[in-house]
Amino acid sequence: MNRLQIVHTTGYRYSEGAATSFNEVRMTPRTTREQFARFWRVEVSPQAWTHTYTDYWGTQVTAFEVDERHERLKVVATSTVEVDRQAHEGKRVTWEDLRAPQFTEDMVESLVFGGHTDPGPELTSIAKRVAKEAETPAEVVAPVIAAVREHVRYVKGVTRVQTRAFEAWEAGAGVCQDMVHLTVGALRSVGIPAQYVSGYVMPSRDPVVGEAVVGESHSWVQWWDGAWLAYDPANDVVPGNYHVEVGVGRDYSDVPPLKGVYAGGGESDMYVQVEMTQLA
Amino acid sequence: MTGLFDDYAGPPDAFDEMIGPDGIRGAYAAVRSYMDRLAPDEIRARADYLKSSYLYQGVTFDIGGEERPFPLDIVPRVIEAAEWSVVEQGVAQRVQALEKFLGDVYGPGEVFRDGVVPRRVVVSSPHFHRIMHGIQPPNGVRVHVSGIDLVRDGEGRFRVLEDNVRIPSGVSYVMTNRRAMFSALPEVTSRHRIRAVESYPQRLLAALQACAPKGISDPNVVVLTPGVYNSAYFEHTLLARMMGVELVEGRDLVCRAGEVLVRTTRGLRPVHVIYKRVDDEFVDPAHFRADSMLGCAGLMNAYRAGNVTIANAVGNGVADDKLIYTYVPDLIRYYLGAEPILPAVDTWRLEDPVHRELVLDRLSELVLKPVDGSGGKGIVIGPAADEKTLARLRRTILKNPRGWIAQPVVQLSTVPTMIDGTMAPRHVDLRPFAVNDGSNVFVLPGGLTRVALPEGELIVNSSQGGGSKDTWVLARDGIRGRKAKKQPRVSVRGVPVEGVEITQASPVEHQQQQQQQQQQQQRVGPPVAGRAATCGRGAPC
């Protein structure tokens, strides 16, 4: 078991100021069988009206409105979470299991093809080729992730949040989000349900207790093998006790950490900082 | 004297509402006999007056930037009390089932678990707004206003063609048509007991007040319009005026701390209920289209926080798309435990391999509709299509069978219509309007009858040269006798009582009409969003 504190500080600087702004924050760790959010708080400055709800995907959302003129918007999401992830074995479901009509019906949203997760023809044909020779769906996952890692270098700033998966493939570069979109799209293209997971990861595997380190807003993938199994393509690891889930969805746009609109001219400049501390 | 109707005969292949195999049907007997007492030229003159008065008043609609007249025909469409009672119950039943369906889709989703509707059908709909998940409207109502489009088949049976539970428009024409007819044909209108339609704005206002957030005793209701360029702007102004509430655009609203306020000359005033005539996608730029200028940022927050009610609810589009239409009879059985009172048009879903095979063999006999299409876009009427079109259609369907449904060609009924000075049969449909106040679904007696004016025209659509007819629902003893009867008590406006006459004779009503006619001197928008109803010859497969 791992107890982590996460302080996610983000916001915008507006070059000509903003009259009002309306935003949603998805930065609160979710509580599952393997992680427990002991404490969470979202603070906004300037003073804002906030409203918290759980969205369609089960993610906790804090909606807020700033009604006064401001040059800067600052959001600080603080949480303490206990993580106790077990190593999972897949159930080795068969291709027939995945093709059963009732199953595809229940899983339809994890099987939808297209949008941000469209992997493009090249990766699709790789996935199809692997799937053809794979006895069980689970055997497809590792080769697909390997193909994505081999083809797409981790380069910051090449892609943006709106970049679609195949564009990152064509560029041969991207960030964790692009790798997840590609993996999710490729798995879905052969009928394996897959989801986008948004959360945090602590980069240091050997942190000093009580000492804050720079963490990251991160994403990884979940796919179905009788249960949801996770993998982190960017770090090439199975998520463990240093990964914290915030929410799952079809792609990034279902679980964006901060999104919204503001009234005002000029440019807006976003900043992000994540600090993570191992408490116990 | 030779009457205009002497040579009138319905088409051989359709149900004519005036003439049946045994002669004139009961509903139209009095209309015909009183119209026959007027000289044909007199009727022609009045028909011209109806046409021109609408043109002068600006009752037109917009086709690709050009304003065209929306002519009102001189012959009313008449529905007897017994026939109407079926329509009324059938429409109310349908609305209730769709309400339950929407509540379920945005709530527990039992309809999926019980296998009544596949989850895929709903979650793949572009109108399924996940943001509505878990939002519970104050009195449970999501379909405050609906327009259920009906046609009469070859046997004269009313069938549902389409549901409209987002922003149904056209009710303003129901009211303006009635006023115009009362002044154009008093000899005929005064001989009938026609159920009133003027109560609609009061009914609507009552329903909007009933859905106000809890604890608000005197709710402030507003009508939210996209603005003067919207094709239904006339209707928005008319409804706002007749309800006595403010007509606002998105820029008139402000959201602060989860509440919606309207800018007035005396500062900001809270808003509790929004009668929304703006498409969902434009309602709140913070959640939907960020480039929308028609809505107000923060509206969805206020809605979720329960400080404002939006009517109709956001996300209703999942209940009225063409694929869901095919499941509505099952939804009625599932939610209400009753058989549908109004039948639907038989429909095949092309995603089903058995249906697909059947349909592809008979493309030339059927009507093919794209599931996502609206406004009649993409519809192919088999019997009217050439080989090339059908071959292309076949390829399109095979590529995306889930995107298509097929229906037999429904033969729409006809009603005599003044064409070039003579009476000729023309196809019609009917859009009754229903208002749900949470305890009762009120179906406005009448509705908008649209008529296809070109001869043999199979599509009842304003953009295809359509017009309208005043729709008369007769009270139980719909025709007045010749003997002078004791004048029944005049009913209070806004409470239509079955069997009680409300006619022009009533001084209260007369005054109201004058007032309304004065208010009527306004530019007028188009009738109903163009939408094709299918019609023609055909056989089921």
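Reader: How many bridges join E11(B) to strand E12 of chain B?
Author: 4 bridges join E11(B) to E12(B), residues 259-264, and the two run antiparallel. Strands pair here if DSSP finds at least two bridges between them. Strands (E, at least two residues) and helices (H or I, at least four) are DSSP runs, numbered from the N terminus.

Reader: Before I go on, what sort of model is this, and how is it numbered?
Author: The model is predicted: local features need pLDDT of at least 70, side-chain atom pairs count only at pLDDT 80 or more, and totals for chains, interfaces and linings use all residues. Residues are numbered from 1 along each chain as its sequence is written, while chains are lettered from A and ligands numbered from 1 in the order in which they are written.

Reader: Fine. What stands opposite Arg256(B)?
Author: Glu259(B), in E12(B), stands opposite Arg256(B).

Reader: And what sheet is that part of?
Author: An open sheet of 3 strands in chain B, in the order E11-E12-E13, with antiparallel pairing. Its edge strands are E11 (253-256) and E13 (267-271), each pairing on one side only. On average, neighbouring strands are turned by 40° against each other, direction ignored. Axes are lines fitted to C-alpha atoms, for helices over the stretch in contact, and angles run from 0 to 180 degrees between N-to-C directions.

Reader: What about the sheet with E26(B) in it?
Author: That one is an open sheet of 3 strands too, in the order E5-E26-E8 of chain B, but the pairing is mixed. The twist averages 50° from one strand to the next. Between E8(B) and E26(B), residues 471-479, there are 2 bridges, and these strands run antiparallel. His192(B) has Ile479(B) in E26(B) as its bridge partner.

Reader: Which helix packs on the sheet?
Author: Helix H1 of chain B, residues 26-36, touches E5, E8 and E26 of chain B, and its direction makes about 140° with that of E5(B). Helix H3 of chain B, residues 81-105, lies across E5 and E26 of chain B, at about 125° to E26(B). Contact between residues means that their C-beta atoms, placed from the backbone, lie within 7 Å.

Reader: Switching to chain A. What does the domain assignment give?
Author: Domain 1 is 2-85 + 256-278, and domain 2 is 95-203 + 216-254. Such bounds come from an automatic or database domain assignment. The domain centres, taken over C-alpha atoms, are 25 Å apart.

Reader: How many residues of each are in contact?
Author: 22 residues of domain 1 are in contact with 18 residues of domain 2. On the domain 1 side, the elements giving two or more residues are strands E1 (2-18), E6 (70-83) and E14 (268-278) of chain A. That side divides into 12 nonpolar, 6 polar and 4 charged residues. For these classes, Ala, Val, Leu, Ile, Met, Phe, Trp, Tyr, Cys and Pro count as nonpolar, Asp, Glu, Lys and Arg as charged, and the others, Gly among them, as polar.

Reader: How do helices H5(A) and H7(A) sit?
Author: The axes of H5(A), residues 138-151, and H7(A), residues 176-189, come within 10 Å and cross at roughly 140°.

Reader: Which residues make the contact?
Author: From H5(A), Val140(A), Val141(A), Val144(A), Ile145(A) and Val148(A); from H7(A), Met179(A), Leu182(A), Thr183(A), Ala186(A) and Leu187(A). They divide into 9 nonpolar, 1 polar and no charged.

Reader: Now the contact between chains. How many residues from each?
Author: 15 residues from chain A and 18 residues from chain B. E4(A) gives the most to the chain A side, with 3 residues. That side of chain A holds 7 nonpolar, 2 polar and 6 charged residues.

Reader: What does E4(A) pair with?
Author: E4(A) pairs with E5(A) in the antiparallel sense over 6 bridges, and Tyr53(A) stands opposite Val61(A) in E5(A). The two strands form a hairpin with 5 residues between them, and Gly58(A) in the turn has a positive phi of about 90°.

Reader: Where is there a cis peptide bond in chain A?
Author: Between Ser45(A) and Pro46(A), with omega about 0°. Pro46(A) is in the loop between E3 (35-45) and E4 of chain A.

Terms used:
Contact = placed C-beta atoms within 7 Å.
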